[in-house]
Amino acid sequence: MRPHQWVKNVFVLAPVVFAKELFDYELLLHAGGAFVVFCLLAGAVYTVNDIVDAPADRIHPVKRHRPIASGVVPIGTAKVLAVTLLVLGMAGALYGPPLFALVAFLYFVQNLAYSFKLKAIAYADVVFIAIGFVLRVIAGGLATRIQVSGYLLACTALLALFLGFGKRSHELAGLSLASTKRQRASLEAYTPEALGRALWITGSASIATYIAYTIDPATRQMFHSDWLWLTAPNPVFGVLRFVYLVRSRPKAESPTQEMLRDAPFMINLFIWVAIVVAIVYRLRPSAAL
């Protein structure tokens, strides 16, 4: 079920944070419920993914230790678990607005398509990973009835593309050519040079979009502050540090997992959060994002 990966679902909470409603109990309750729904659906997706990937995982130096690939969890048990998580997740989604339930279901279907087919298609695999992040943000806005800005969607999409290309670059560097062909078909179409360019393009675009958001007149008016641009060094450091982790730790299972274990990265993240909260919540008008 990969609970350590559920941190990605915090994107569901982004509309509440940037709408200056972080201390609204009712909205937090709705956002928290949406987070739980996406964690359940993510658990179902990861279980299905491991069922599909079991043959390939068995030849991977790290992934062969996963419960299904190693035989610790039988395929039949894993199928029951996946169905149970899906039913619980969608039952929870139906307590929210109908459009939220629809987006949650689309998230699950999109991830199924990724697990069975799309992850074998170079570049389409990363694009669909990014779509999953965008759907999380949209769902968060629908669950809390907060209008999501174009800046937030653009930053989410670009950052997800950046992380996706980083993961592919890490996988390509960490596997021999022979095992690459057997482990993930889409990697055969990638080259280190192309992934390096994609990393820098999407990383730079993510930073540029975020900075544009911080200095946009509408943003400054909403937050009653001209100082949000002071947080720009944090995403710059985050992008550079992630690229470093991708290139320096090829034996790790995932660069995103290493990112969450990396002290400099996490300290930078907490500093960014602290500065944003200090600036955004200095005043409490209830404008929407």
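Start at the second largest pocket, which holds about 780 Å³ of space. A pocket here is an open set of points on a 1 Å grid over the protein atoms alone, where a 1.4 Å probe fits and protein lies on both sides within 12 Å along at least five of seven lines. Lining residues have an atom within 4 Å of a point. The volume is the space filled by probe spheres set on the points.

Select Arg2, Lys8, Tyr46, Asn49 and Lys167. Of the 44 lining residues, these are the closest to the centre of the second largest pocket. Next, colour helix 2 (25–57), which gives the most to this lining, with eight residues. Helices are DSSP runs (H or I, at least four residues), numbered from the N terminus. By class, the lining has 17 nonpolar, 14 polar and 13 charged residues. Asp, Glu, Lys and Arg count as charged; Ala, Val, Leu, Ile, Met, Phe, Trp, Tyr, Cys and Pro count as nonpolar; the others are polar.

A note on the model: it is predicted, with local features needing pLDDT of at least 70 and side-chain atom pairs pLDDT 80 or more, while totals for chains, interfaces and linings use all residues. Residues are numbered from 1 along each chain, and side-chain values use heavy atoms, without hydrogens and water.

Move to the largest pocket, with about 1,300 Å³ of space. Select Val10, Phe11, Leu159, Leu269 and Trp272, the closest to its centre among 43 lining residues. Helix 13 (263–280) supplies the largest share of this lining, nine residues. The lining divides into 32 nonpolar, ten polar and one charged.

Now pick Asn234, in helix 11 (233–248). Is Asn234 buried or exposed? Asn234 counts as buried, because its relative accessibility is 10%. Buried means under 20% relative accessible area, exposed over 50%, and partly exposed in between (1.4 Å probe, protein chains only). Beyond its neighbours within four places in sequence, Asn234 is in contact (heavy atoms within 4.5 Å) with Asn268, Ile271, Trp272 and Ile275.

Go on to the largest nonpolar core, which has 29 residues. Such a core is a set of buried Ala, Val, Leu, Ile, Met, Phe, Trp, Tyr and Cys residues joined through side-chain atoms within 4.5 Å. Select Phe162, Phe165, Tyr190, Phe242 and Met259, which have the most contacts inside this core. Helix 7 (150–174) brings the largest share, seven residues.

Zoom in on Met259. Leaving aside neighbours within four places in sequence, Met259 touches Leu163, Phe242, Leu245, Phe265 and Met266.

Last stop: a second, separate core of 19 residues, including Val37, Phe38, Ala42 and Ala139.

How values were computed. Helix = DSSP H or I, 4+ residues; strand = E, 2+ residues; numbered from the N terminus.
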